[in-house]
Amino acid sequence: LVIQGCPSDGMQTCQFTFNVHRIASLKHSLNAPLNGSPPGCPPATANDVLMAIAACSLVPFETAQPLAHPTARLSVMADPRGRGLPADYFGNAAHAISLYVDWQVLQSRDLGLVVRTLRMQMDQALEALYVTCKTDPQPAPEQPALLYWNSWGRAQGMLGADFGAGLRRFEWLNLLRLECERVYIVVPVDKDNFMLQVTLPRVQMEHLALVWQAFLPVEP
């Protein structure tokens with residue numbers, strides 16, 4: 001785990017670098033029936049695992065929302081075809097979908113339960129998006145999002161090995177300049193590593209690092 005941060009006005013923009021094979025190992029473990037994955041449950045993806053870790057880390061800092069809303073809302077950018085965001089999509093085919101998860105599920109800190117819940121919510125939202133993307137845009141939900149998620153991880157197979165080198169080729173993502181709070185972006189750095197960037201208040205960033213270490217401990 002590598003973290004780089006630049007404190008600004010009490011906020012930190014940090015980059016977490018992680019190995020795809022370690023995420024895959026955890027994903028396969030969570031998908032195993034012995035770990036609580038029921039028969040017929042759609043298999044979780046690496047993106048589900050990362051999003052679950054991020055969501056769990058934010059829950060202790062939410063006090064008003066659980067009183068106002070029975071579920072947490074996660075805003076996720078998605079391709080209506082359900083294939084993730086291809087490398088050559090510049091935004092006009094991306095749609096924001098909302099995933100709703102009971103606060104009790106997130107508060108349980110049961111990573112397998114959170115991951116499975118997100119996967120089922122994602123499948124339902126993508127199925128609905130296939131229909132709704134052909135109609136007039138709907139107004140954004142009034143409920144604030146717990147987080148905003150934008151993953152380019154599945155574009156890895158379409159990109160050269162130098163993708164992410166200084167991120168110079170993809171400055172249109174504004175990744176290095178993005179300082180919107182609770183916006184998470186995942187991009188491939190090379191064939192074995194991904195990078196997640198997010199801006200959070202310092203205390204929340206420190207807690208994210210602790211939660212990350214708990215679920216994906218750094219190997220000696």
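Trainee: Is F18 buried or exposed?

Mentor: F18 counts as buried, because its relative accessibility is 7%, under the 20% cut-off. Bear in mind that this is a predicted model.

Trainee: How many aromatic pairs turn up in the whole structure?

Mentor: A search of the whole structure gives 4 aromatic pairs. In one of them, the ring centres of F18 and W212 are 5.6 Å apart and the planes lie at 50°, so this pair is tilted.

Trainee: Where in the chain do F18 and W212 come from?

Mentor: F18 is in strand β2 and W212 is in helix α6 (residues 202-215).

Trainee: Which residues do ring pairs link into a cluster?

Mentor: The cluster consists of F16, F18, F194 and W212, linked by ring pairs.

Trainee: Which strands does β5 pair with?

Mentor: β5 pairs with strand β3 (residues 71-78) in the parallel sense, over 3 bridges. β5 also runs parallel to strand β6 (residues 183-190), and 4 bridges join those two.

Trainee: What stands opposite what in those pairings?

Mentor: L74 stands opposite L147 in β5. W149 stands opposite Y184 in β6, and these two also form the stacked ring pair.

Trainee: Which residues touch the most other members of the largest nonpolar core?

Mentor: W149 and Y184 do, in a core of 51 residues. Helix α2 (residues 46-58) supplies the largest share of this core, with 9 residues.

Trainee: What does Y184 touch, leaving out residues up to four places away in sequence?

Mentor: Its contacts include A54 and L58, then L147, Y148, W149 and N150. Y184 also touches L196, Q197, V198, L200 and L208.

Trainee: Q197 is in that list. Which side chain makes a polar contact with Q197?

Mentor: The side chain of Q15 does, at 2.8 Å. Q15 lies in strand β2 (residues 11-19). Q15 counts as buried, because its relative accessibility is 16%.

Trainee: Changing topic, what is the average pLDDT?

Mentor: The protein averages 75, and 68% of the residues score at least 70. Confidence is lowest in strand β1 (residues 2-5), with a mean of 50, and highest in helix α4 (residues 103-107), at 93.

Trainee: Where is the pLDDT below 50?

Mentor: Residues 85-92 form one such stretch, which has 21 contacts in the model beyond near neighbours in sequence. Residues 156-176 also have a pLDDT below 50, and that stretch has 39 contacts in the model, again beyond near neighbours in sequence.

Notes: Residues numbered from 1 in each chain as written. Predicted model: local features only at pLDDT ≥ 70, side-chain atom pairs only at ≥ 80, totals over all residues. Heavy atoms only, no water. Pairing = 2+ DSSP bridges. Buried < 20%, exposed > 50% of the residue type's maximum accessible area, 1.4 Å probe, protein only. Polar contact = N/O pair within 3.5 Å; in protein donor to acceptor, adjacent residues only side chain to side chain. Core = buried A, V, L, I, M, F, W, Y, C linked by side-chain atoms within 4.5 Å. Contact = heavy atoms within 4.5 Å. Phe/Tyr/Trp six-rings, centres within 6.5 Å; stacked < 30°, edge-to-face > 60°. pLDDT = per-residue confidence, 0-100.
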